[in-house]
Amino acid sequence: MSDAPVLPGDDSASWQEDAGRDLVRSFGERMALFVRGEGSYVWDDGGRRHLDFLAGIAVDALGHAHPAFVDAVSRQAATLAHVSNYFATPPQLALAARLKRLAGTGPSGRVYFGNSGAEANEAAFKLARLHGGPDRTRILTLHGGFHGRTMGTLAMTAKPALQADFLPMVPGVEHIPATVAALEAAMDDRVAALVVEPIQGEAGVVELPEGYLQAARELTTRHGALLIVDEIQTGAGRTGEWFAFQHAGITPDAITVAKGIGGGFPIGALITFGAASDLFYPGTHGSTFGGNALGTAVAGAVLAEIEDAGLLDNARRRGEQLRAEICGIGSPLVAGVRGQGLLLGVALRHPVAKAVVAAAQEHGLIVNAPNDDTIRLVPPLTIGDTEVGEFVELFTASLATVASSLLLEDAATAAKGVPA
Ligand SMILES: *Cc1c(COP(=O)(O)O)cnc(C)c1O
């Protein structure tokens, strides 16, 4: 790591001013100005190197500036970028075929391309409406789930705090606890679809109860509802399978993907299986940018590299290695590690996740806090021994910084005679 200090000179003052004045206020204050990336590292405007274990929120599957990514963007930009959905292009057809193969749809599967996770889930919402028609309008999603920020996907996102300013929500969506019993109680013949994440990333890397997806498959089939799996965070090899539903050995009616499949290029998709593939018909959905030659060429190259470099296996192995290493740190702050492959949540014993993120930032490590007591780790799928070793060193230091500040605070509180 570079030891170059970050000096609050004119430049850094001005980018923070620019950001504060010009960017939408729906995000918090930006933590740094990043100017360059390579592999698992990014460099800020002060020349300081940071180890990136957030990877743009599970997006940069190959890390930064990977040759396969750079080559695909450059070549396709110089060949043909966009022609609209009045026409097909070779990279689009190749990516659709690849996604069908990786998802295991068989010949009857189909792919709808959008440009983000929310767009993929909006397409899934419309798929559910097409399936249900006017009499089967209930759409079930799970407590703690996250499906996006657009109006349809916000309705699917069971977070009252995110919805409060934007009521009324799109009707028909109901949120249920993530238990088989709750699903059994909620299911009837008016349910059009159940939409679930195999692991709830935004909720703090929370896994479904054992056997949930199998039970969900059985119950949705019995009641004629679609089972739609939101693989936006879990897909593209992150959990050690191409898609996390594959660990459960079920066949869903549809999955949604985005984040990692483009490796940093904005692209999302809805992949349908079997009869669900016949629901959309001409005129029922579309997107100007969706599935353009540039985006599909890049996603195709990213998925090919994940496959050729054996990154599913790497995600599995590095995930296990990280889990063991984190438990081995022996920090009094760490309660355990949740998740699968390289989608990990470090559970903290105290609600100090934001302090840990800030300490990590000081130490040159990028991680994030999906809630007050979880640190989420979603590094590039390409990480090796070097990155794991460096992570352990920096994370140990970050935890120690926060642990010691907690003890100091405790001592100060005790000194003032305030009961703990
Ligand atoms: C990130 C995410 C989304 C939303 O994707 P955007 O590209 O931000 O619209 C939806 N579902 C899940 C599970 C996600 O992790």
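Predicted model: local features only at pLDDT ≥ 70, side-chain atom pairs only at ≥ 80, totals over all residues.
Contact here means heavy atoms within 4.5 Å.

**Two domains**

The chain is divided in two. Domain 1 is made of residues 15-41, 51-66 and 310-415. Domain 2 covers residues 68-308. The C-alpha centres of domain 1 and domain 2 lie 27 Å apart. Where they meet, 29 residues of domain 1 are in contact with 29 residues of domain 2.

**The interface**

The size of an interface is often given as the accessible area lost when the parts come together. Between domain 1 and domain 2, the buried area is about 2,400 Å². Carbon and sulfur atoms give 57% of that area. On the domain 1 side, three residues stand out: His 66, Leu 312 and Leu 343. They supply 26% of the area that domain 1 buries against domain 2, more than any other three residues.

Polar links cross the interface as well. The rule finds 18 residue pairs in polar contact between domain 1 and domain 2, both residues at pLDDT 80 or more. Several elements of domain 1 give two or more residues to the side that touches domain 2. Among them are helix 2 (55-58), strand 13 (334-340) and strand 14 (343-348). Strand 16 (368-371) and strand 17 (374-377) are also on that list, as is helix 11 (311-329). Helix 11 gives the largest share, four residues.

How many salt bridges does the rule find across the interface of domain 1 and domain 2? It finds one. Elsewhere in the residue-level detail, Arg 376 forms a salt bridge with Glu 202. Their closest N and O atoms are 2.7 Å apart.

**Strand 12**

Is strand 12 (residues 268-272) enclosed or open? Five of its five residues are buried, so strand 12 is largely enclosed by the rest of the structure. Both faces are covered. Gly 268, Leu 270 and Thr 272 are buried on one side. Ala 269 and Ile 271 are buried on the other.

Strand 12 pairs with strand 4 and with strand 11. The table sets out the two pairings.

| Partner of strand 12 | Sense | Bridges |
|---|---|---|
| Strand 4 (residues 110-114) | antiparallel | five bridges |
| Strand 11 (residues 254-257) | antiparallel | four bridges |

Ala 269 takes part in both pairings. Phe 113 stands opposite Ala 269. Val 257 has Ala 269 as its bridge partner in strand 12. Ala 269 is itself buried.

Conventions:
Residues numbered from 1 in each chain as written. Heavy atoms only, no water. Buried < 20%, exposed > 50% of the residue type's maximum accessible area, 1.4 Å probe, protein only. Pairing = 2+ DSSP bridges. Domains from an automatic or database assignment. Buried area = accessible area lost by both parts, 1.4 Å probe. Salt bridge = Lys/Arg side-chain N within 4 Å of Asp/Glu carboxyl O. Polar contact = N/O pair within 3.5 Å; in protein donor to acceptor, adjacent residues only side chain to side chain.
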